Protein chains: 2
Amino acid sequence: MYINKTPPSLNCGLDLAGEVLYGKWKFRILWFIHQGNKRSSELQRKMPDANSRVLNIQLRELECHELVIRTIYPVMPPKVEYTLTDFGKTLIPVLSSIGKWAEEHQNQLKEVILRDLSGSSDNTHIDK
Amino acid sequence: MYINKTPPSLNCGLDLAGEVLYGKWKFRILWFIHQGNKRSSELQRKMPDANSRVLNIQLRELECHELVIRTIYPVMPPKVEYTLTDFGKTLIPVLSSIGKWAEEHQNQLKEVILRDLSGSSDNTHIDK
DNA sequence: TCAAACAGGGATAAATTTATCCTTATTGCA
DNA sequence: TGCAATAAGGATAAATTTATCCCTGTTTGA
């Protein structure tokens with residue numbers, strides 16, 4: 001496991017939130033678990049763009065941050081289920097508001113995101 | 001400027017939001033601008049942990065994503081002001097809910113964040 | 001008997017992000 | 001004169017995150 005060399009910033013709420021939510025797939029991992037996708041193979045199918053190794057790593061981090069619980073059923077073939085902790089559930093309204101915001105603005109978002117793949121842009125205003 | 005090699009994932013709202021909000025300092029940059037810190041030197045003072053170069057880069061990205069506007073006043077010494085666009089302003093309630101969540105849970109958050117700096121943890125449940 | 005599903009980790013590489021250091025240019029102030 | 005403040009970018013290094021590939025072991029189904 002990778003150990004960070006630079007200490008985290010913990011100056012305000014947004015810092016704290018960033019520490020546990022920062023990760024390419026974390027928003028959606030939490031959301032899909034919330035939706036009832038409990039097994040890692042289900043999550044992988046939901047997020048085919050995500051490498052399964054990375055999914056596991058981020059699941060571990062979420063577990064370590066007490067947002068999800070990992071339950072192992074000692075059967076063969078192995079069965080493991082991920083669920084939100086009570087703490088993790090308190091995040092759902094927040095994720096929901098993020099998702100809702102993005103869906104309301106999805107056209108503009110897609111535009112600006114896709115734009116910087118090629119052409120340059122400059123919204124700079126000069127003078128006034 | 002760095003050009004990404006892997007295409008963005010744009011499958012759902014949370015993806016879209018991630019694309020524009022992903023960045024170590026972006027939550028707070030937006031928040032501090034919202035609070036009236038318009039100049040980059042002010043932002044640097046607010047976030048001394050952030051390298052000023054990186055702050056500039058992230059400001060450019062936010063600008064490119066139409067969340068902030070950069071206004072240059074052609075005076076000497078140079079004066080540049082960042083403000084939220086109308087689009088950027090729609091994010092404020094979202095950021096507010098993130099920050100509020102984290103502040104409500106700041107004790108637990110600090111605990112779990114600081115824990116993984118050293119000791120290991122394992123919340124795994126076996127069987128049931 | 002062979003492949004697939006299941007969960008996950010080791011080793012390693014690639015991609016990306018963040019950080020450091022230095023440079024430009026102008027004005028006001030000590 | 002010389003330094004601070006102002007904004008920001010180039011070159012480069014370091015840190016971190018994400019991705020690839022392969023391997024373990026067991027069971028069910030073709």
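Helix α4(B) contains 13 residues and extends 18 Å from its first C-alpha to its last, close to the 18 Å expected at 1.5 Å a residue; the expected span is 1.5 Å times one less than the number of residues. Helices (H or I, at least four residues) and strands (E, at least two) are DSSP runs, numbered from the N terminus. The model is predicted: local features need pLDDT of at least 70, side-chain atom pairs count only at pLDDT 80 or more, and totals for chains, interfaces and linings use all residues. Residues are numbered from 1 along each chain as its sequence is written, while chains are lettered from A and ligands numbered from 1 in the order in which they are written.

The buried residues of α4(B) are Leu55(B), Gln58(B), Leu59(B) and Leu62(B). A residue is buried if 20 or more other C-beta atoms lie within 10 Å of its own, exposed if 12 or fewer, and partly exposed in between, with C-beta atoms placed from the backbone. Viewed down the axis of α4(B), its buried residues fall within an arc of 105°, so they line one face of the helix; the arc is that of the directions from the helix axis to the C-beta atoms. The cover over these buried residues includes α2 (26-34), α3 (40-46), β1 (68-73) and β2 (79-84) of chain B.

Just after α4(B), Glu66(B) takes a positive phi of about 65°, although Glu66(B) is not a glycine. Most residues other than glycine have a negative phi. Glu66(B) is found in the loop between α4 and β1 of chain B, and it counts as buried because it has 20 C-beta neighbours inside 10 Å. In chain A, Glu66(A) has a positive phi of about 65° and lies in the loop between α4 and β1 (68-73) of that chain. Glu66(A) counts as buried, with 20 C-beta neighbours inside 10 Å.

Between the two chains, 50 residues of chain B are in contact with 52 residues of chain A, contact being defined by C-beta atoms, placed from the backbone, that lie within 7 Å. On the side of chain B that touches chain A, two or more residues come from each of α1 (13-21), α2, α4, β1, α6 (92-104), α7 (106-115) and β3 (125-126) of chain B. The largest share of this side, 8 residues, is that of α6(B). By class, this side has 24 nonpolar, 15 polar and 11 charged residues. Here Ala, Val, Leu, Ile, Met, Phe, Trp, Tyr, Cys and Pro count as nonpolar, Asp, Glu, Lys and Arg as charged, and the others, Gly among them, as polar.

Chain B is superposed on chain A by a rotation of 180° with 0.0 Å of shift along its axis (RMSD 0.0 Å), the superposition being by least squares on the C-alpha atoms of residues with pLDDT of at least 70 in both copies. That is the relation of a two-fold axis. The same surface serves both copies, as 100% of the contact residues of chain B recur in chain A.
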